[in-house]
Amino acid sequence: MSVQERPGRAGRRTWLVLLLVLACAAVLLIALPDDDRQGAAACRPRTVGAWSAADEVTGEFARYGDDATRTDDWTGGDGTHSVRLPDGRVLWLFSDTFLGQVHAPPNTAGQPHAWRDTSAPMVRNSAVVMSRSGTLRRTLATPLFPDPAPQQWRWPVAARVEPRSPDAEEKVVRVLLWSRMASQGPWIYGVPMATEVATLSLPGLRVESIVKVSDQQGVADPEKRVLYGTSTVDADGWTYVFGGTDAQAASRPTSHAHLARVPHGRLADASAWEYWDGGEWGRAGTSRPVLGDGGRKGVGSAFTVVREKGTYVLFTMAAGAKGLTDVTSYWACSPTGPWHGPAKGFEAPLPKDGAAEQATAAYNPQAHPALGRDGRVVLSYDVNWLDPVPASAQANVNRNVSLYRPRFVTLRLSERR
């Protein structure tokens, strides 16, 4: 072998290695669906670029709740979800809800707050109808969804309009419900029991049926029970239904997000549900988390997902102490992930009023596509008084009714750098 031959052979070896690398890359790209390619034009890293308080929507709920002419309707609640109906109205769904009459300030302590009597009734769920113009009009009969059994209740979560059956022209409203059972600490908000789907008629919004689609009572550890419906997203003929576990132990500050999917028009058909098991879609009992490591990465007990072009963005309360105030985000090119983050979010504005400033917390961020336009995302978050004794917390939100109502922000997403 001459000295002059060596550069040529080395060059050929370099080109062969390069060709092998390019060939492997091409195979990987062919194997991945378009929306799983992080470099694809349809999917880009997304995060919160800018945000501002949506005072008009927040104010509309304050106006409606404070209306003293009403004595038996919604005056405050949490678990805020919404769906636009075919005639342009918006149906708002709430979990725990205060009814009764609100009195003008000052309250019984002499503070400048609208207030309600301590005898004001509270129900486990309610629904309020908003007109096409954005004015809240009426509260449906409460509770809208009856208790399944003594010491059990239903909390409504995501809702959507879909055909009564896959090929039907008639539309109905499907509402996902979380069934819970009363228990002692640390389960002061109830032990997870099951996910159900209610069907409401249109345009009358009468509850026609409630069916169970995911029974979790056979899972011995309540922390491993998954409730579905905190958020839904449509894509490619499927309704993707996000859910999660409840992390009660201090050693696991964040919960895990899970994912199911259902063909359009079959939310109320338990046999049509499929669950992501980490590698493929399977049947009940096979679900594996799509997000959550039990520490820095994970979701709160309620979170929301939106889709902007080819990118999915998930909003949840941050992990750790910031989870009382800060909303954070994750992004992915597919509902199954991988989910990247936590990324930039925002600090939810809380009441600036003496003790309330130190004793209130934000939770349950939820997107409202019915209100978003021009590329903006309208997000709500709930506010409550921090107190391990429920009666004490209830007394404080009765003294100032604004402390237990949804607040809204408008977000604009931008490419994460």
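Visitor: What makes the link between the side chains of arginine 160 and threonine 232 a polar contact?

Guide: The distance between the two side chains is 2.8 Å. A polar contact is a pair of N or O atoms within 3.5 Å; within protein, one must be able to donate a hydrogen and the other to accept it, and residues adjacent in sequence count only if both atoms are side-chain atoms. The contact of arginine 160 with threonine 232 is therefore counted as polar. A further polar contact, of 2.4 Å, joins the side chains of arginine 160 and aspartate 234.

Visitor: On what basis are such values given?

Guide: This is a predicted model, in which local features need pLDDT of at least 70 and side-chain atom pairs count only at pLDDT 80 or more, while totals for chains, interfaces and linings use all residues. Residues are numbered from 1 along each chain as its sequence is written, and side-chain values use heavy atoms, with hydrogens and water left out.

Visitor: Why is arginine 160 called buried?

Guide: Its relative accessible area is 13%, and buried means under 20%, exposed over 50%, partly exposed in between (1.4 Å probe, protein chains only). Arginine 160 is therefore buried. It belongs to strand E11 (residues 152-163), where strands (E, at least two residues) are DSSP runs, numbered from the N terminus.

Visitor: Why does arginine 180 receive the label buried?

Guide: Because its relative accessible area is 4%, arginine 180 is classed as buried. This residue is found in strand E12 (residues 171-181).

Visitor: Which side chain makes a polar contact with that of arginine 180?

Guide: The partner is the side chain of aspartate 246, at 2.8 Å. Leaving aside neighbours within four places in sequence, arginine 180 is in contact (heavy atoms within 4.5 Å) with residues including Trp153, Trp155 and Leu227.

Visitor: What makes E20 and E23 edge strands?

Guide: The open sheet has four strands in the order E20-E21-E22-E23, with antiparallel pairing. E20 and E23 (340-347) each pair on one side only. Four bridges join E22 (residues 326-332) to E23, and serine 329 stands opposite alanine 343.

Note on methods:
Pairing = 2+ DSSP bridges.
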